Amino acid sequence: LRRNPGEIEFHQAVREVLESIGPVLGKHPEYAESKIIERICEPERQIIFRVPWEDDQGEVQINRGFRVEFNSALGPYKGGLRFHPSVYLGIVKFLGFEQIFKNGLTGLPIGGGKGGSDFDPKGRSEREVMRFCQSFMTELYRHIGEYTDVPAGDIGVGQREVGFLFGQYKRITNRYESGVITGKGLSYGGAQVRTEATGYGCTFFVEEMLKARGTSFDGKRVVVSGAGNVAIYTIEKVAQLGGVVVACSDSSGYVLDEGGIDVALLKQVKQVERGRLDSYAKRRGGEAVFVPGRSVWEVSCEVAMPSATQNEITGRDAETLVRGGCVAVGEGANMPTTPEGVRVFQEAGVAFGPGKAANAGGVATSALEMQQNASRDSWSFEYSEQRLRDIMTDIHTRCLATADEYGMPGDYVAGANIDGFRRVADAMLALGLV
Ligand code: NDP
């Protein structure tokens, strides 16, 4: 705490991991002897930089850029960029720290990192977003590379921003190094299913949790928070598997649509028009209503899939969900449930899939994008989706097996933290004191 004052989210993320891995440290004294915990909590490198740019009125704007290169024991640093006014070092470090274990859990050769800026893309013209991305990359380019650090998207950074960032990287370096960033469009090195991967992957993970309890999505009432990349493709896949998503949200409120969210209309409003959810409700008509300024977690459901942002499900929200009949939670977002919320779910026997495991499909498919870029190949949608499904099933199996091994059957939080930690810690031991 004294070393990293004020970084509340980072402290929360570290505490959660440390609480789970006590039994591993007991079994493996070599981890403590070589100070793995102290080393793993200290980023290998942190970069903070100025991002100057000019808005449409000709006024100069200054934002702050971040890249935290947390751990490269398993491979090049890998993790997204977030553009949101709430971004500061504590958020980037929490995301980077989570990313280390998540990436370990995928079994793929990727280390952990994260970055972003306090830039707010909301209300900015496309030209302003482009100028910002170009200025951001003008500093970032010297720190990244296909063998060093490979960023991707996150909140506020979708395919459009990735395109602008890659364009500037290519221009500065004179290298068509498509493996330097993932989440690219299909016409310039992107991979099938990357856009859908986090939402689809989270849905596959929840499907496995339901299967382990002898049930399925079929006919289940589902609530998804957010209306961005992760939320949209979660809603799409849940509907394909027979579930009914009755509500989703954005920062202005939520929409309740008892007939099931119309994904095509949602994509039109959010991805094409970049509009707000009240516009969805107006155009959908029928039973759809927009509820401004309230939390979507007041809507009862059997499956909850938080896909917006950190700490969005409080202890009280979790109690409301449990009372409303919630039996499973899949975290599409990173750390969307507060520690009190997690406790409520676990004590109530809810199947709780933590983000590190449930949303790992996004970064896993990014690693597949790197693989296709490296071999100048591109795979079909069907093959890529099957790879994603296999990866999610494997993560689910390993979480359960590890939780069993440590005497905590059904505890996906412990299973994910322990399995991810062991992989990274073993690699760090093997690489020596570096
Ligand atoms: P997007 O920017 O596409 O969408 C984010 C959505 O969440 C928007 O609907 C946004 O509403 C809402 N939201 C964001 N911040 C807040 C807030 N403070 N309060 C209320 N609503 C908010 O981001 P993604 O879908 O890519 O990311 C969502 C989550 O998933 C994040 O936690 C991210 O870290 C995580 N994630 C993303 C991955 C990916 O592949 N994209 C991979 C793994 C995890 P509004 O537009 O009104 O701000």
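Modeller: Two residues are in contact if their C-beta atoms, placed from the backbone, lie within 7 Å. The model here is predicted: local features need pLDDT of at least 70, side-chain atom pairs count only at pLDDT 80 or more, and totals for chains, interfaces and linings use all residues. Numbering starts from 1 along each chain as its sequence is written.

Colleague: Thanks! Which residues does Thr198 touch under that cut-off?

Modeller: Leaving out residues up to four places away in sequence, Thr198 touches Asn229, Val230, Tyr233, Gly332, Asn359, Gly361 and Gly362.

Colleague: And why is Thr198 called buried?

Modeller: A residue is buried if 20 or more other C-beta atoms lie within 10 Å of its own, exposed if 12 or fewer, and partly exposed in between, with C-beta atoms placed from the backbone. Thr198 has 31 C-beta neighbours inside 10 Å, so Thr198 counts as buried.

Colleague: What makes Asn229 buried?

Modeller: The count for Asn229 is 25 other C-beta atoms within 10 Å, so Asn229 is buried. Beyond its neighbours within four places in sequence, Asn229 is in contact with Gly158, Thr195 and Thr198.

Colleague: Where does UniProt place the feature "binding site"?

Modeller: The unreviewed UniProt entry puts that feature at Thr198 and Asn229. They span 32 residues in sequence, yet no two of their C-alpha atoms are more than 8.2 Å apart, so they gather at one spot. UniProt positions follow the numbering used here, feature names are shortened, and annotations may be inferred rather than shown by experiment.
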